[in-house]
Amino acid sequence: MQLISKFLIILILGGSLVAQTGMVVGQVVDRSTGLPLVGANIMVQASNLGTAADLEGLFIIMLPEGNAIISCSMIGYAPVTHPVSVITGETRDLTFELKPVTIESKHFVTVQGEKTSGHMLGHLQQTNLSTTENLISMIEGVSLIARGSYAQEPSIRGMSGGRMNVTINGMKSFGACTDRMDPITSYVEADALNSIEIGKGALSIQHGSTVGGSLNLTMNQPKYASQQSTHWQIKGGLDHGSRERKFSFSWNRTSPGSGLSLSGAYRKAEDYAAADKQIVPFTGFEKMNLNFGYKKRLNQKSQLLFELVSDDAYDVGYSALPMDVGYARLRMAGFSINTSGISPNILKAEWKVYGNAIDHWMDDSKRELLFMDMHMDMPGFTRTAGSYIDLLLGKSAQSLLKLRSDFYWTSSYADMVMYPEGSSPMEMVTWPGVERWNMGQFMEYQSIIIPKINVNLSLRYDLFHSMATNEMGQDELHIFYPDNDLERLDHLLSANAHLAYNVTNNWNSVLSFASGQRMPTVSEAYGYYLYNPVDGYLYLGNPDLPVEASQQVEWQNSLTSSHGRMSLNLYFYKFSHYIFGQIMSEDAFSYANGWKKYVDGGVAQISGLEWSILHRFSPHFIFQGGVNYEESYLDDFQDFLPLIPPLEVHGSLTYESRRFWVQMDTRGAALQANNSKVSGENPTPAFLTLNLKGELDLLPGLKLNLGVNNLTNQLYHEHLDWGDVYRPGRSGFISITLDNGIMGQ
Amino acid sequence: MKLRILLIALAGSLIMILGCEDSEKDIDATEDLILIGSAVDNELTVDLYSDEGLKVGLNKLYFELTDIASEDQITEAQITQKPIMHMETMNHSCPVAGPESTSNSDGLFESEVVFIMASGMMGTWDDTVFVENYDANTFHTVVFENLTVQETDMKKNLVFEDADTNQVIYIVTLNGLDDPKVGLNDLVLTVHKKQTMMSFPEVADLSVSINPQMPDMGHGSEGNVDPVYTENGKYEGGVAFSMTGYWTIDFTVSQGSEELGTVQYAVNF
């Protein structure tokens with residue numbers, strides 16, 4: 001592998017070494033917060049050259065010798081230009097500090113990973129009561145699967161669970177609930193979130209091999225400052241409908257050489273009422289989240305970062321399921337060292353090591369006994385540890401090579417115990433102590449072949465070793481697979497290619513091809529009689545499942561102007577060995593309709609389009625809107641795929657001024673009649689909801705946040721909601737934010 | 001400090017040496033067996049062993065013959081046995097197979113006995129054993145008296161009324177589920193016909209189907225193996241328990257196209 005990459009570097013760098021060029025390395029930051037501005041546009045005036053700032057706000061651009069003017073712009077900020085004189089073979093440093101055009105909006109969701117089409121920036125106003133899921137769902141093509149009001153699971157273009165890779169600051173972590181009630185996103189508090197990096201399908205494979213997409217949640221990091229200072233913020237909020245109380249705080253200590261941050265949030269909600277005033281039972285929850293970060297400069301070029309995340313949820317109701325969650329607990333730690341400019345060819349390097357543990361306890365102790373006079377417990381546990389090394393190699397922005405070597409180990413165990421009255425407890429192991437080792441090698445090559453044309457190629461290889469180690473679990477699976485040693489070794493290969501063409505200065509067109517693969521999940525390969533409340537079947541894992549594969553073609557077009565942006569994406573996915581549950585028995589008993597086995601479901605297809613627009617009419621008015629539509633089909637079963645969103649529209653109109661902002665937003669969906677019958681889905685009626693929210697600066701350092709969700713009191717549920725449970729009815733909320741600005745500095 | 005390391009090393013090697021010696025012991029063929037009793041007749045000792053204590057159901061027995069004078073094991077012999085239950089008003093025997101006319105590799109003679117009743121207040125079991133010693137050309141009779149046979153609930157009577165309204169009693173025992181586990185469990189079902197109080201011939205031409213159920217849940221299980229006849233009235237199959245708890249297992253017994261009936265067992269673990 002190393003030989004190949006060395007060879008590639010030589011091949012790639014060979015071409016650019018000849019040119020008479022110098023390099024400009026820079027960073028784009030928000031002037032008021034000092035935070036990096038992801039996706040800011042860098043343009044060299046009077047040329048076709050340009051690039052975008054990466055996740056840390058950094059950019060590299062190669063320029064011919066001479067004087068040039070570089071401009072940096074980003075929606076929501078005033079553009080800045082800097083003159084620079086370039087000398088062949090030398091590097092110039094440049095920092096752009098952009099000032100927000102209107103008031104500073106606390107929450108920006110930055111969406112990255114759409115590759116060379118540039119970076120999409122959503123200008124979305126958030127309230128203090130927004131959750132991580134709320135933020136994610138505002139991204140084009142992302143929907144949420146709800147099983148209650150807590151821990152909604154993100155789905156990218158109708159693909160979720162094992163078809164997606166979810167990481168926190170690049171760290172792998174796996175939910176411990178066999179019913180997917182604890183997607184990793186539920187362990188991150190929205191306040192602690194800095195940005196969301198999203199890749200659709202196999203277009204982004206840096207964090208792992210995937211067919212459906214990747215989601216990397218990056219958390220707020222401690223900051224440096226030119227002088228020692230302390231920042232704090234306290235927020236308190238109340239939602240009328242669910243009587244949710246939320247309290248959160250953040251505390252930051254900055255200095256030139258180190259930064260320390262501590263933040264936390266506590267929220268508690270009761271059961272909410274739907275629009276028909278009926279209380280939806282088992283939708284309340286209680287949650288406490290704590291984050292700690294410490295960053296220290298080792299020298300001019302290097303720094304280390306230590307991070308801790310702790311999240312505890314208690315008594316979480318899941319209205320769509322016959323059970324609730326007693327507790328769900330995450331403990332996560334990460335340590336990384338990164339450095340830039342070690343040598344002329346190594347622009348950036350990062351090494352990270354991390355570990356996390358999730359304990360999840362599901363039970364029905366709060367429920368009336370549904371059947372047979374018995375209660376049950378379903379605890380699940382995952383442990384994960386891993387490490388990765390990132391290298392960014394190259395001499396210029398015209399050709400860059402990104403390398404990642406990663407490794408992780410994860411272990412999953414779950415069981416289920418039922419307690420019939422007057423009889424022995426009934427126990428079974430549902431995740432048989434599955435140990436999985438993954439070693440991956442990723443490389444991405446970016447190049448501007450000729451002016452106006454960008455090429456981006458990625459390749460990823462993964463080796464997986466999986467086995468079931470729990471003896472009772474092995475005995476259970478041996479009933480069905482007597483000759484299987486329940487151990488497997490898989491080689492996965494993913495690749496993608498993007499060809500971006502700047503048709504005009506404002507029009508960017510990208511054609512992408514991707515080929516992805518994914519491992520069967522622990523449930524799919526080794527799960528034992530896992531109940532799915534949507535179709536009422538018990539699911540049996542299949543250790544013989546082949547690796548699922550996808551081929552993806554995508555055409556993205558975006559038009560940008562100083563007033564906004566419009567984009568249209570057309571996509572098509574073809575899956576082979578699509579993993580799907582096949583009915584094995586229809587012998588119904590107490591709560592189940594029978595049992596299904598995960599099988600190679602053959603060929604599946606998904607095709608669709610995403611259209612979005614962002615327009616600033618005046619310094620005060622911003623409009624944002626979008627339409628998504630997709631269709632799916634599973635050939636062998638002559639059925640549609642489950643959990644595919646219908647035609648969706650969303651839009652928002654925002655008025656911003658120095659002291660306040662007001663936003664009216666709407667979200668609607670058409671009837672979804674292309675429901676998956678095999679998966680037990682029902683058609684879902686259309687709906688349109690309207691929300692109104694606003695924020696007012698009362699004093700320096702004191703803000704008031706107000707709003708009404710579901711203004712028209714629609715009685716509705718979304719197609720991806722399990723159990724067709726109604727969403728909350730009209731509900732008002734209020735919150736207050738207080739920070740150290742009140743001290744009058 | 002050095003002394004301490006030396007002591008630890010010394011202690012370690014001592015443990016190693018002792019450990020090695022321990023494992024060099026000879027393995028006795030009867031070491032893993034349980035001695036039920038010994039009986040002597042005319043220069044011959046008969047030792048009776050079983051895999052575990054005797055119980056209602058299928059028991060594997062082992063006879064070891066020893067010449068008292070030479071202390072040699074006798075491996076060329078013909079053994080027959082007759083277990084009898086002595087009750088207040090009557091006596092009865094039980095299904096017996098063997099012993100084999102040749103000894104096994106350890107010089108033991110193996111047999112199978114299906115005890116159909118426990119010893120205790122109701123009566124006592126004894127086993128009369130006849131030995132023909134081929135080497136010495138001698139005949140011996142010994143009796144193992146007052147055998148302790150533990151009660152189990154693994155023996156059932158299957159009563160079938162034939163075309164002439166005669167009652168036929170089949171004795172069915174379920175074996176192999178003393179320590180049930182989740183997963184596939186091997187099981188042995190024995191079926192013998194109660195011809196007279198003293199005669200219990202095996203029934204070899206039956207077809208048996210198995211149906212485990214979990215009454216608390218209302219479901220059965222997948223992956224069960226219907227018992228199939230092997231030898232000596234034994235039908236070998238497998239029961240799959242998908243989880244721990246209280247299970248019932250129904251065996252439906254048929255002869256040709258005629259269903260003889262169903263016996264039900266309960267397993268709780």
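In strand β15 of chain A, N216(A) is the bridge partner of T167(A).

User: Before going further, what kind of model is this, and how are residues and chains labelled?

Analyst: This is a predicted model, in which local features need pLDDT of at least 70 and side-chain atom pairs count only at pLDDT 80 or more, while totals for chains, interfaces and linings use all residues. Residues are numbered from 1 along each chain as its sequence is written, and chains are lettered from A and ligands numbered from 1 in the order in which they are written.

User: Which strands are joined to β15(A) by bridges, and in which sense does β14 pair with it, parallel or antiparallel?

Analyst: Strands are DSSP runs of E of at least two residues, helices are runs of H or I of at least four, and both are numbered from the N terminus; two strands pair if DSSP finds at least two bridges between them. Here β12 (residues 164–168) of chain A is joined to β15(A) by five bridges and runs parallel, whereas β14 (residues 193–200) of chain A pairs with β15(A) in the antiparallel sense over seven bridges, with L193(A) having M219(A) as its bridge partner.

User: How many residues of β15(A) are buried?

Analyst: A residue is buried if 20 or more other C-beta atoms lie within 10 Å of its own, exposed if 12 or fewer, and partly exposed in between, with C-beta atoms placed from the backbone. By that count, six of the seven residues of β15(A), which spans residues 213–219, are buried.

User: Why is M584(A) classed as partly exposed?

Analyst: M584(A), found in strand β33 (residues 579–585) of chain A, is partly exposed because 17 other C-beta atoms lie within 10 Å.

User: What does chain A contribute where it touches chain B?

Analyst: Two residues are in contact if their C-beta atoms, placed from the backbone, lie within 7 Å. The contact takes 18 residues from chain A and 17 residues from chain B; on the side of chain A, β25 (426–450) and α3 (471–480) each supply at least two residues, and the largest share, six residues, comes from α3(A).

User: Which elements do the buried residues of α3(A) pack against?

Analyst: The buried residues of α3(A), among them L477(A) and I479(A), pack against β25, β26 (453–468) and α4 (522–526) of chain A, together with β13 (183–193) and β16 (234–241) of chain B.

User: How far apart are the centres of the two domains of chain B?

Analyst: Domain bounds come from an automatic or database domain assignment, which for chain B gives domain 1 (34–147) and domain 2 (155–268). Their C-alpha centres lie 27 Å apart, and twelve residues of domain 1 of chain B are in contact with 13 residues of domain 2 of chain B. On the domain 1 side, β3 (57–67) and β8 (109–115) of chain B each supply at least two residues.

User: Where in chain B is the pLDDT below 50?

Analyst: The pLDDT is the predictor's confidence in each residue, from 0 to 100, and where it is low, the predicted coordinates should not be read in detail. Chain B averages a pLDDT of 83, with 90% of the residues scoring at least 70, but over residues 20–26 of chain B the pLDDT is below 50, and this stretch has zero contacts in the model beyond near neighbours in sequence. The model scores ipTM 0.78 and pTM 0.81.
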